[in-house]
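Thank you all for coming. Please have a look at the sequence and the structure on the screen while I talk.

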Amino acid sequence: MYKSPTVFHCFITIIIIINSFVLLSRGVSATKHEDIGIYELNNGHFSVKLTNWGATIVSVFLPDKNGKVEDVVLGYDNIDTYKNDSTYFGAIVGRVANRIGGAKFTLNGTSYKLHANEKGNILHGGTPGFSDVVWKVKKYEKDCESPCITFTYHSFDGEQGFPGDLKVMVTYSLVGNYKLRVKMEAKSLNKATPVNLAQHTYWNLGGHNSGDVLSQKIKIFGSHITPTDDELIPTGKIVSVKGTPYDFLKPYTIKSKIGELPDGYDINYVLDGEKGKKMKVVAVVWDDKSGRSMKLTTDAPGVQFYTGNYVKDVKGKGGCVYEAHAGLCLETQGFPDAVNHRNFPSQIVNPGEIYKHNMLFSFSIKDRKDLGSI
C-alpha cells in the first residue's frame, strides 16, 4: 500500500541529496568513504611516508654524511593540517598544474570557464584540486625489494570547469639505493581535456627544520625560461637565461642571485636535452653541510623552480615554523598556461589517450664539493 511521505521524510530526503551533491562536487564518492592513512615505503636504505590525501609525500628520511637520519621535506604532523594547507606541501596538483590565465581556454571550438582561485586565474587545478581530495589506494606493496604504492582518482566531467571524466593514477616506488620514482598517468574517458600533473614537494636537504635553503647549491639543465607577467602568467615568449639571475647552467648557491628578484624564484625552465618522452636530467641540488645531494630526471618538457617565497609563519612538523625559502620545489611539468599559447607543447589528451609523466629522484650522501661531477 502506498503511503504518502511525511514532511519529516521529505526533509531527510532533501538533506541526503544535498550532502551527496556536496560530496560529488568535491570529487569524493558519496557511496563509499575511502579511509585516509599514512603509508610507509622502506627498503632498508631510506624511508618515504605518504598519504592518500592529495597523493602526498609526507616525509623522506635520509642519512647525512655522519649517519644522522633526518626528514628532508616540509610538511605537517597530522592529516587534518594537510586538509587546511594552502602551500601544496608534497601533493600531486592538477588537473592542470600551475596557472591558466583568466581561468579560461578554448578547445575544439568550445570555450571553457574554470573556477578561478587566484586573482582571476586558476592555480593548480582550482579549489579543491587533486591536492585536496581523497585518493584510493589501488596497490600497496611494502615487503619487497622495490616497495611501492599506487593511488587513483576519478576526476569527473566539469570538475573545476574542466571537460571530461579523467582517470588518474600515481605510483611511488623505491628503486635501488636512495632512489624514488614517481609515475603519473591519466586517461581521458570521454572528452578532450588538458592534463598537466605535477609533484609539489618542498625539499630541504639540510633537514626540514634546518632553516632556509639559500646556501644550498643548484644546477638546472635548462637554458631557457618562459617569462611571466605580474600575475605569474606566461607571456608566451621563450627566452635565454644567459646574463640573468635564472642562469644555473653552472652550479651556484641559491642566495647568489636571488637578491636580483623581488621575492625569489618561481619560474618555468625549458629543459635541455632531446625532445619527446625520453628521460633527461632536470637539476642537481647539493647541501654542503649535510653532504646530501639530489638529482632529478624526468620526461616532462619543463620544471617550475620555486623557492617557497610565500611561505610565512607556517607551523610544520615537530612545531617547526617555516618561513620564506624554507624549502625548494622542482615541479616537472608541461609549460604553464599552455592551453592559451600555441607555441607551447600541447597538454591536450583526447579520449582513449593516456597522459604519462615520470620523475626519478636519486639521492647521494657524500662528503664532496664537486657538484659539477654529480
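I will go through the cavities, the pockets, the cysteines and one set of annotated residues.

Before that, a word on the basis: this is a predicted model, in which local features need pLDDT of at least 70 and side-chain atom pairs count only at pLDDT 80 or more, while totals for chains, interfaces and linings use all residues. Residues are numbered from 1 along each chain as its sequence is written, and side-chain values use heavy atoms, with hydrogens and water left out.

On a 1 Å grid over the protein atoms alone, a cavity is a set of points where a 1.4 Å probe fits but cannot get out, whereas a pocket is an open set with protein on both sides within 12 Å along at least five of seven lines, and lining residues have an atom within 4 Å of a point. Grid points are joined across faces, edges and corners, and a volume is the space filled by probe spheres set on the points. With those terms, the structure has three cavities of 30 Å³ or more.

The largest cavity has a volume of about 70 Å³, and the residues that line it include Trp-53, Tyr-82, Asp-85, Phe-89 and Asp-132. Sorted by class, its lining has five nonpolar, two polar and two charged residues, where Ala, Val, Leu, Ile, Met, Phe, Trp, Tyr, Cys and Pro count as nonpolar, Asp, Glu, Lys and Arg as charged, and the others, Gly among them, as polar.

The second largest cavity, at about 40 Å³, has Thr-226, Leu-232, Ile-267 and Gln-304 among its lining residues. Strand E20, residues 266-270, gives the most to this lining, with three residues; strands here are DSSP runs of at least two residues, numbered from the N terminus.

Turning to the open spaces, about 550 Å³ lies in the largest pocket. Of the 26 residues that line the largest pocket, the closest to its centre are Tyr-88, Arg-99, Glu-118, Leu-123 and Tyr-310, and by class the lining has eight nonpolar, nine polar and nine charged residues. The second largest pocket holds about 430 Å³, and of its 25 lining residues the closest to the centre are Lys-277, Asp-299, Pro-301, Pro-345 and Ser-346. The largest share of that lining, four residues, comes from strand E28.

Cys-148 is in no disulfide, and the nearest cysteine sulfur, that of Cys-144, is 5.8 Å away.

Finally, the UniProt annotation "binding site", from an unreviewed entry, covers Asn-98, Arg-99, His-200, Thr-201, Tyr-202 and Asp-266; such annotations may be inferred rather than shown by experiment, and the positions are given in the numbering used here, with feature names shortened. Of these residues, the lining of the second largest cavity includes Asn-98, Arg-99 and Asp-266. Asn-98 sits in the loop between strand E5 (92-93) and strand E6 (99-100). Is Asn-98 buried or exposed? At 3% relative accessibility Asn-98 counts as buried, a word that means under 20% relative accessible area, with exposed being over 50% and partly exposed in between (1.4 Å probe, protein chains only). Leaving aside neighbours within four places in sequence, Asn-98 is in contact, meaning heavy atoms within 4.5 Å, with residues including Ile-122, His-124 and Gln-333.

Technical notes:
A disulfide is a pair of cysteine sulfur atoms within 2.5 Å.
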